[in-house]
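Student: I'd like to learn how to read a model like this one, feature by feature. Can we go through it together?

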Amino acid sequence: IEISSLPAWTHGSFKGMDKLNRIQSKMCDVALKSSENLLLCAPTGAGKTNVAWLTMLNILGQFRKPNTPEGELSFDLDAFKIIFVAPMKAL
């Protein structure tokens, strides 16, 4: 999936990337566009962190302030919390 096909307000999250990799592309719809639970098991370096980021963008998108122009960022930061836990190195 091309980064340019994602909502414009998400593009800054993927600076230096032209497209999502195969795993990220497969998981994009459920991670970014739905509130379904998901479990992703993949090798180190497969792109799991960016899939996790897509889920965070999903939540941010749900709490974008109304009437915010497409390229701008404005969120109701008091309406939600996100906790992201990740290991410091591969196990």
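Student: Is Val51 buried or exposed?

Tutor: Buried means under 20% relative accessible area, exposed over 50%, and partly exposed in between, with a 1.4 Å probe and protein chains only. Val51 comes out at 2% relative accessibility, so Val51 counts as buried. One caveat before we go on: this is a predicted model, where local features need pLDDT of at least 70, side-chain atom pairs count only at pLDDT 80 or more, and totals for chains, interfaces and linings use all residues. Residues are numbered from 1 along each chain as its sequence is written, and side-chain values use heavy atoms, with hydrogens and water left out.

Student: Which residues is Val51 in contact with?

Tutor: Contact means heavy atoms within 4.5 Å. Leaving aside neighbours within four places in sequence, Val51 is in contact with Gln24, Met27, Ala31 and Leu40. Val51 itself is found in helix H2.

Student: How many helices and strands does the chain have?

Tutor: Helices (H or I, at least four residues) and strands (E, at least two) are DSSP runs, numbered from the N terminus. Here the chain has 2 helices and 0 strands.

Student: How do I read the way H1 and H2 cross?

Tutor: Two packed helices are described by the angle between their axes and the distance between the axes. The axes are lines fitted to C-alpha atoms, for helices over the stretch in contact, and angles run from 0 to 180 degrees between N-to-C directions. For H1 (residues 22-33) and H2, the axes come within 8 Å and cross at roughly 25°. Angles under 35 degrees count as roughly parallel, over 145 as roughly antiparallel, 65 to 115 as roughly perpendicular and the rest as oblique. H1 and H2 are therefore roughly parallel to each other.

Student: Which residues make that contact?

Tutor: H1 brings Gln24, Met27, Cys28, Ala31, Leu32 and Lys33, while H2 brings Asn50, Val51, Leu54, Thr55, Leu57 and Asn58.

Student: Which residues have the most contacts inside the largest nonpolar core?

Tutor: The idea first: in soluble globular proteins, nonpolar side chains tend to be buried together. A nonpolar core is a set of buried Ala, Val, Leu, Ile, Met, Phe, Trp, Tyr and Cys residues joined through side-chain atoms within 4.5 Å. The largest one here has 15 residues, and Phe14, Leu54 and Leu57 have the most contacts inside it. H1 and H2 are the elements that give two or more residues to this core. Setting aside neighbours within four places in sequence, Phe14 is in contact with Ile3, Leu6, Leu20, Asn50, Trp53, Leu54 and Leu57.

Student: What does Met56 touch?

Tutor: Not counting residues up to four places away in sequence, Met56 touches Ile82 and Phe84. Met56 is found in helix H2 and is buried, with a relative accessible area of 11%. The C-alpha atoms of Met56 and Phe84 are separated by 8.9 Å, though the two residues are 28 apart along the chain.

Student: Where does Lys89 lie, and is Lys89 buried or exposed?

Tutor: Lys89 is found in the segment after H2, and at 66% relative accessibility Lys89 counts as exposed. Lys89 and Ile59 are 30 residues apart in sequence and 26 Å apart in space, C-alpha to C-alpha.
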